[in-house]
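Morning, everyone. I'll take you through one structure, starting with a term and then going from strand to strand. Please have the view open.

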Amino acid sequence: MGNKPANSPKGQPPDADGHSSVSDLANSLTGDMLSPGSEDDDHEGPVSEKLGRIQFSLGYSFQDTTLTVKILKGQDLPAKDFSGTSDPFVKIYLLPDRKHKLETKVKRKNLNPHWNETFLFEGFPYEKVRERTLYLQVLDYDRFSRNDPIGEVSIPLNKVELGQLKTFWKDLKPCSDGSGSRGDLLVSLCYNPTANTITVNIIKARNLKAMDIGGTSDPYVKVWLMHKDKRVEKKKTVTIKRCLNPVFNESFPFDVPAHVLRETTIIITVMDKDRLSRNDVIGKIYLSWKSGPGEVKHWKDMLSRPRTNVAQWHALKA
């Protein structure tokens, strides 16, 4: 795969005579969607997913009032990339503070990474340390889109004897801050079959998850047009400072010829802008003819009502 974004392929119209109606297209996509034994049957995944494990050390120096966290290595991590591997790194938090995080280096193409990195939380009184929970999140680094969570470990520090450095192996658990608590986004879609465009209007969000220690977020929205698994084009809104119910009202037209609608996905990601470190993902939506039920309904409504702005609320997902 090259570094350049892929362009929408050019090809013949769906019908040999060039007369393809939008309703035919919507019906054919719906028919595919409902057919038994479709290719989506195998996306359920195993009931108990093995996420690998992580080795780390913890200790506290009373003399220096310093908590030491050493991230040593990972083992049997799952492959998150198309190439059958992952590019793992670890984020380190002392909850409930989510704003100040530390990160290891990324280990490229490695399911058994050795990080061997030491992190010091200095000037940290012991009574305050005992109120915190060490939260380690292992992620797969992605240069183009959001980093993919692999798994997490949480250790309440009042449950650990911190007087001397101790080493732990812990199984990774699925990342728990899942959907439901991330907020909702109102999006409208407008399909113009004559111009071969889909216009995405990011209208507003409500009840966004607070990502900053002050109990708020600085949200903006990224919109990616995908063809199959290739990124074609990206647009983004302005950032709204310190707001969990932002109004954006920004429209983004994308060129989408009728013959590539079937393989097109629009990925909408709500981000929290962070001036000092990497921006955080609040949540995302995948819009296509084969996403979740709510997303598919929106996609079908868009196709069946051409040249009309079709708005729908979507719950943000992890």
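First, the term. Buried means under 20% relative accessible area. Exposed means over 50%, and partly exposed is in between. And a caution: this is a predicted model.

Now use that term on strand 14, residues 264–272. Which residues sit on its two faces? On one side are T264, I266, I268, V270 and D272. On the other are T265, I267, T269 and M271. Every one of these is buried, and both faces are covered. That is nine of the nine residues, so strand 14 is largely enclosed by the rest of the structure.

Who are the partners of strand 14? Strand 11, residues 219–227, pairs with strand 14 in the antiparallel sense, over nine bridges. One place to look is K222, whose bridge partner in strand 14 is T269. Then there is strand 15, residues 280–287. Seven bridges join strand 15 to strand 14, again antiparallel. Here I268 has I285 as its bridge partner.

Stay on I268. Which residues does I268 touch, leaving aside neighbours within four places in sequence? The list includes L185, V187, V200 and I202. It also includes V221, K222 and V223. G283, K284, I285 and L287 complete it.

That takes us to the largest nonpolar core. It has 32 residues. V200, I202, I268 and W299 have the most contacts inside it. Which elements give two or more residues to this core? Strands 9, 10, 11, 13, 14 and 15, and helix 3.

Four strands form an open sheet in the order 13-10-9-16, with antiparallel pairing. Which strands are at the edges? Strand 13, residues 247–255, and strand 16, residues 310–315. Each of these pairs on one side only. On average, neighbouring strands in this sheet are turned by 25° against each other, direction ignored.

As a reminder, strands of a sheet pair through backbone hydrogen bonds, either parallel or antiparallel. Take strand 10, residues 197–206, as the example. Strand 10 and strand 13 are joined antiparallel over seven bridges. Within that pairing, T199 has P253 of strand 13 as its bridge partner.

Where does helix 3 lie? Helix 3, residues 293–304, lies across strand 9 (184–192), strand 10 and strand 16. Helix 3 runs at about 170° to strand 16.

Now one residue elsewhere. P156 is in strand 7, residues 148–156. Is P156 buried or partly exposed? Its relative accessible area is 32%. Buried needs under 20% and exposed needs over 50%. So P156 counts as partly exposed. Not counting residues up to four places away in sequence, P156 touches R132 and T133. P156 and L95 are 61 residues apart in sequence, yet their C-alpha atoms are 9.0 Å apart in space.

Last, the whole chain. There are three helices and 16 strands. Of the 318 residues, 45% are buried. The accessible surface comes to about 16600 Å², and 48% of it belongs to carbon and sulfur atoms. Finally, take the contacts between residues at least 6 apart in sequence. Of those, 66% join residues at least 24 apart.

That's the tour. Thank you.

Technical notes
Residues are numbered from 1 along each chain as its sequence is written. This is a predicted model: local features need pLDDT of at least 70, side-chain atom pairs count only at pLDDT 80 or more; totals for chains, interfaces and linings use all residues. Side-chain values use heavy atoms; hydrogens and water are left out. Two strands pair if DSSP finds at least two bridges between them. Axes are lines fitted to C-alpha atoms, for helices over the stretch in contact, and angles run from 0 to 180 degrees between N-to-C directions. Contact means heavy atoms within 4.5 Å. Buried means under 20% relative accessible area, exposed over 50%, partly exposed in between (1.4 Å probe, protein chains only). Accessible areas come from the Shrake-Rupley method with a 1.4 Å probe; for residues, only the protein chains shown count as cover. A nonpolar core is a set of buried Ala, Val, Leu, Ile, Met, Phe, Trp, Tyr and Cys residues joined through side-chain atoms within 4.5 Å.
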